[in-house]
Every structure is written in C-alpha cells, then in structure tokens.
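Open the structure in your viewer and keep the selection tool ready. We will go stop by stop.

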Amino acid sequence: MGRPRRVVILGAAGRDFHNFNTVFRDSDDDVVVAFTATQIPNIAGRAYPPGLAGSRYPQGIPIVPESELSDLIAREDVDVAVFAYSDVPHTRVMHVASQCLAAGADFLLQSAKHTMLPSSVPVIAVTAVRTGAGKSQTTRYIARMLREMGKRVVAVRHPMPYGDLERQACQRFADYSDLDRHECTIEEREEYEPHIDNGAVVYAGVDYAQILAAAEQEADVILWDGGNNDLPFFAPDLHIVVADPLRAGDEETYHPGETNVRMADLVVVNKCDSATEEAVAAVEASVRRLNPGATVLRADSPVTVDDEAAVAGRRVVVVEDGPTLTHGSMTWGAGVVGARAAGAADIVDPTPYAVGSLAATYAQYPNARGVLPAMGYGDAQVADLAATIEATPCDVVVSGTPIDLGRVLTVSKPVVRARYDLRERDPGRLEAAVRKALEGA
C-alpha cells in the first residue's frame, strides 16, 4: 500500500475546519499537512490545535497564508488541494485551481453530501447566493414563525472562530453575557445578538458534530443559519436559499451560491422593494433554469430607522455590516437605505478620515468607500472604527449593522440604528413550506 495522500485544505477558518473534522481527521488514507487562510484577518500563522485535530496530529496542523500556496505544495509534496471557502466568483475558484495544478497538486471540491451531518431532529437550513442577500432577516423570520408554532428553536450559526480555537469548539449563546464571556468580535455579535433578542439560543464554534449533539438536546427544530453563502453543515429537511436582485446574475457565477440554488427546495428572491422589476425577473428566470423544481417566492426587506428626527436634515456617516461590503462586494446596505428614507442632508464619505486597519480595508475593498464597514475582528479594529467615526465630519451615525454598536464602542456622536426584516410579498407561502417539511421529517 502506498503512502497516504498529502493534503492541504484552502480555507477561511470555517468550511475548511469542518471538512477536516468530517472527512480527514480520522482518515488513514490522508494526512493534512496544512491549512491555508484567506478572507479572515489574523488567522494565518496560527495552528489548528491538537485537541481538535485528533490523535493523528499531536502537534496540530499549521495555518499559513494562501499567498504561500505554490511554495507550500512544492515544499510539502502535496498531492491534493481541497478548496473550502465561499463567496467567491467561479473565475477565482478556477484561478486557484490552475495555480494548484501547475504546482503539481490535484484540485478537489467536496460536495455537501459528503460533509453534511445527519440530525435526529428536523433541520431547516437558510443559506444564500451571496453574503448580504438577506439571510439573517430570513432566519429571524422563520425562527419567530417556529416559536409561534410552539416549537423550541435552536439556531446553529456557520463558524466564525477568530479566537482560541480549542476553547471555541462548541459555544452556546443565550444572553448578552455569553457574548462578552466568549469575547465575540463585531461580526460574531452581528449574527448572534439578533437571535438572542428574539429569544433563541444560538450555537456556533469549530466542531459541528459536538455542536449538533448539544443542540439536539434542547431543540424541537434546528435552524441552520448559514453564513458566507456556504453550503449547510447539517442535512436539511427544508433548504431555503436567499437570492439578491441587487446583484442579479451572481446566482450563477459565484461559488458555492450556484450550488445552493441547485440544491434549494425554496428560493426567496429578497429586496424586491429596492431592486428593479427587470432585475427581480432576471433572478427568477435564472433560478428556474438552474433548479426547475424549486419553489420561488418574492420578499421585501423594509428598513426602519429608530429616530428619524435625529437623522432628518443632518450630515450622517453610515456604518454597514462589514462582510456585506468586503467579500460581499456591496457598496451600500440597510444603513444607506434608512438614512436616505429619514431625510439625511448628506451621507459623508468616511474614506479620507479612515484610521489604521480601516484605511487598509478601503485599499483592499474600494467598493466600500462612501460608507464605513463595521470591521471589528479584535480590539485594535474596534478602536480604529471608533477613531474613524470621531474623525469624520458628521452630526449623526446611522448604523445598519444588526447589533447595538454602543455595546462594543464609545463615540461622542449620537448613533441611530437602521433595522431591517423580511416581508413576504405573498404571505403564508414560507409557513406552508415549513409546516410541510416538519410534517415529513
């Protein structure tokens, strides 16, 4: 018998770890020599710890920057490179594949079938075509619906393990003190806090077999809250995918967004109140071509501002959800919609006043210029965010992030929240699909 395949897993501190845990950790036919890291700051240069990697990896597994991929393949005599991150254009996937092939490694994409975990309780999965499509409000909408049916709902969130990976193997969030105890980043808070506000328990972490076992103990229904438009980690009884007509065409040009569309039981075309009828119709036609068996419905994403009088006639700086602007490639979000609707006199561009890591973010993601991405992967970035707000000549901050920014930073200017939710164009269709799935589970 020949030597085990030498494997490198290309990731962003999420799907890569899950694929390792479910496929490679206990495989005697493979040895994972490294993870590579992209998209997420401050993850490269660390290691996947021995306590998570298992007995076959007593030293853990190094995490190196993806920029070193070709050298890594040569240096470690890598046989296969596994692509395991999301929200990337198809051309980007194939450029990475070409790099791996040229360096001498096979290139592998793993299907959901081989990485999804089965659950003993019903699972409803909500995923998306792109980051920022409206998955979060869809998940909240369904969670409320399930609770009104008398179901105990546990939301399980796609991983965001930016701290001590071993300590974050299985995290449970039931109130704000849990967010503080786990030292959550702004991005983590953006996803966990709204569920807590809704009365739901949230699990997240690194080892999703452990997380699933814990969630099953207190759930009638598990709601998979899929981030970064990734594939579900749990096998769903109902797979709902959110598409975005403000980025029409991305549903068939992004990975794994297209795969999600092809797998979907039901596709929600969101933001119909912001998009043109032509764009909405184009997305619907694309979805029906990719997945003729899926149910397709329309929804709005209405935005409300907590205090319109504080915004009307004022100069505002808008803070938007960070990932929506960065790898989601949007140029604005709910904050801009809310500020305009409330009658802001001017939306001030914070780019010239950006401090530290925020200036670097604009350099890497020039599409974000004009608004302020809520970057907060650590204390230094939170401080840079606060300093940029203070330096920007404005009267009011309009926050389009789904969290209370005042819980994580202090600024001298008033902060007004812009909130958004899901509104079905044809009420009742989502509930009918959910009830049918639960009856069949």
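This is a predicted model: local features need pLDDT of at least 70, side-chain atom pairs count only at pLDDT 80 or more; totals for chains, interfaces and linings use all residues.

Residues are numbered from 1 along each chain as its sequence is written, and side-chain values use heavy atoms, with hydrogens and water left out.

Select Ser136, Arg140, Glu190, Glu191, Pro194, His195 and Asp225. They line the second largest cavity. A cavity is a set of points, on a 1 Å grid over the protein atoms alone, where a 1.4 Å probe fits but cannot get out; lining residues have an atom within 4 Å of a point. This lining divides into one nonpolar, two polar and four charged residues. The space is about 40 Å³, a volume being what is filled by probe spheres set on the points, with grid points joined across faces, edges and corners. H7 gives the largest share of the lining, four residues. Helices (H or I, at least four residues) and strands (E, at least two) are DSSP runs, numbered from the N terminus.

**Stop two: the largest cavity**

Now select Thr131, Gly132, Ala133, Asp321 and Thr324. Of the 48 lining residues, these lie nearest the centre of the largest cavity. Its volume is about 650 Å³. Which helix gives the most to this lining? H5 does, with three residues. By class, the lining has 19 nonpolar, 18 polar and eleven charged residues.

**Stop three: the sheet**

Show the strands. Six of them form an open sheet with mixed pairing, in the order S3-S4-S2-S1-S5-S7. Two strands pair if DSSP finds at least two bridges between them. S3 (47–48) and S7 (106–109) are at the edges; each has a single partner strand, so one side of each lacks a neighbour in the sheet. Next, pick S1 (residues 5–11) and S2 (residues 30–37). They run parallel, joined by seven bridges. Val7 has Val32 in S2 as its bridge partner.

**Stop four: Phe20**

Select Phe20 in helix H1 (residues 15–24). Is Phe20 buried or exposed? Phe20 counts as buried because its relative accessibility is 0%; buried means under 20% relative accessible area, exposed over 50%, partly exposed in between (1.4 Å probe, protein chains only). Phe20 touches residues including Val32, Phe35 and Tyr48, where contact means heavy atoms within 4.5 Å.

Methods. On a 1 Å grid over the protein atoms alone, a cavity is a set of points where a 1.4 Å probe fits but cannot get out, and a pocket is an open set with protein on both sides within 12 Å along at least five of seven lines; lining residues have an atom within 4 Å of a point. Ala, Val, Leu, Ile, Met, Phe, Trp, Tyr, Cys and Pro count as nonpolar, Asp, Glu, Lys and Arg as charged, and the others, Gly among them, as polar. Lists of a residue's contacts leave out its neighbours within four places in sequence.
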